[in-house]
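User: I'm new to reading protein models. Could you walk me through one, feature by feature?

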Amino acid sequence: MKLAPLTLAAVMLAVPAFALEPINKETHINNTLLQGFIGDQIADNCPTIEPRTLRALGELNKLKNYALSKGYSASEIRAFVTDKTEKARGKAQATAWLAAKGAVPGKPEAYCTIGEAEIARGSLIGYLLRSRA
């Protein structure tokens, strides 16, 4: 009879591990990565905006710590961020977001306008960028 409470406690502690949603569905992780992909595309397409690499690395480290605290393993995180399909999905989402804001490939002024607005707003996208204008 004394084992029942211990067994129940062990099962309850294990439940969060089983309840984890797939990492590619976790909202905070995906939204943060999306903002990084958007920043990359802005920096790649606007000649007067450059990425803040050290800030981006710091944000990635914070995101990794967040994922670890949620219960994802280091190998799950690494597999997710290096997966070519997931990268393509993130880049496609960034392209769609930018297009909705008026960005057109081959027209850097639209990317610059969006980037400058994000920098002025103080968004995560803007935080990851530096204006040289």
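**Reading a helix and its salt bridges**

Analyst: Helices here are DSSP runs of H or I with at least four residues, strands are runs of E with at least two, and both are numbered from the N terminus. This is a predicted model, where local features need pLDDT of at least 70 and side-chain atom pairs count only at pLDDT 80 or more, while totals for chains, interfaces and linings use all residues. Residues are numbered from 1 along each chain as its sequence is written, and side-chain values use heavy atoms, leaving out hydrogens and water.

User: How many residues does α3 have, and how far does it reach?

Analyst: For the expected span, take 1.5 Å times one less than the number of residues. Helix α3 covers residues 53–70, which is 18 residues, and reaches 26 Å from its first C-alpha to its last, close to the 26 Å expected.

User: Which residues of α3 are buried?

Analyst: Buried means under 20% relative accessible area, exposed means over 50%, and partly exposed is in between (1.4 Å probe, protein chains only). In α3, the buried ones are E59, L63 and A67. Seen down the helix axis, they fall within an arc of 80° (taken from the directions of the C-beta atoms), so they line one face of α3. Over on the other side of α3, you'll find L54, L57, K62 and S69 exposed.

User: What covers that buried face of α3?

Analyst: The cover includes α2 (27–45), α4 (74–82) and α7 (124–127). E118 has a relative accessible area of 6%, so it counts as buried. Contact means heavy atoms within 4.5 Å. Leaving aside neighbours within four places in sequence, E118 touches W97, S123, I125 and G126.

User: How many salt bridges are there?

Analyst: We call it a salt bridge when a side-chain nitrogen of Lys or Arg is within 4 Å of a carboxyl oxygen of Asp or Glu. By this rule there are 5. One of them joins E50 and R130, with the closest N and O atoms 2.9 Å apart. E50 sits in strand β1 (residues 49–51) and R130 in strand β2 (residues 129–131), so this pair ties together parts that are 80 residues apart in sequence.

User: Which residues are linked with E50 in a network?

Analyst: E50, R130 and R132 are linked by salt bridges. R132 pairs with E50 at 3.2 Å between the closest N and O atoms. That pair links distant parts of the chain, since R132 is in the segment after β2 and E50 in strand β1, 82 residues apart. E50 is partly exposed at 23% relative accessibility, and R130 is partly exposed at 33%.

User: Where do E59 and K62 lie?

Analyst: E59 and K62 are both in helix α3, 3 residues apart, about one turn of the helix. Their side chains meet in a salt bridge (2.9 Å, N to O). E59 is buried at 16% relative accessibility, whereas K62 is exposed at 51%.

User: Which residues make a nonpolar surface patch?

Analyst: L54, L57 and L60 make one of about 340 Å². L60 is in helix α3 and is partly exposed, at 44% relative accessibility. Patch residues have over 30% relative accessible area and no salt bridge; like charges are joined within 9 Å, and nonpolar side chains (Val, Leu, Ile, Met, Phe, Trp, Tyr) within 5 Å. The areas come from the Shrake-Rupley method with a 1.4 Å probe, and for residues only the protein chains shown count as cover.
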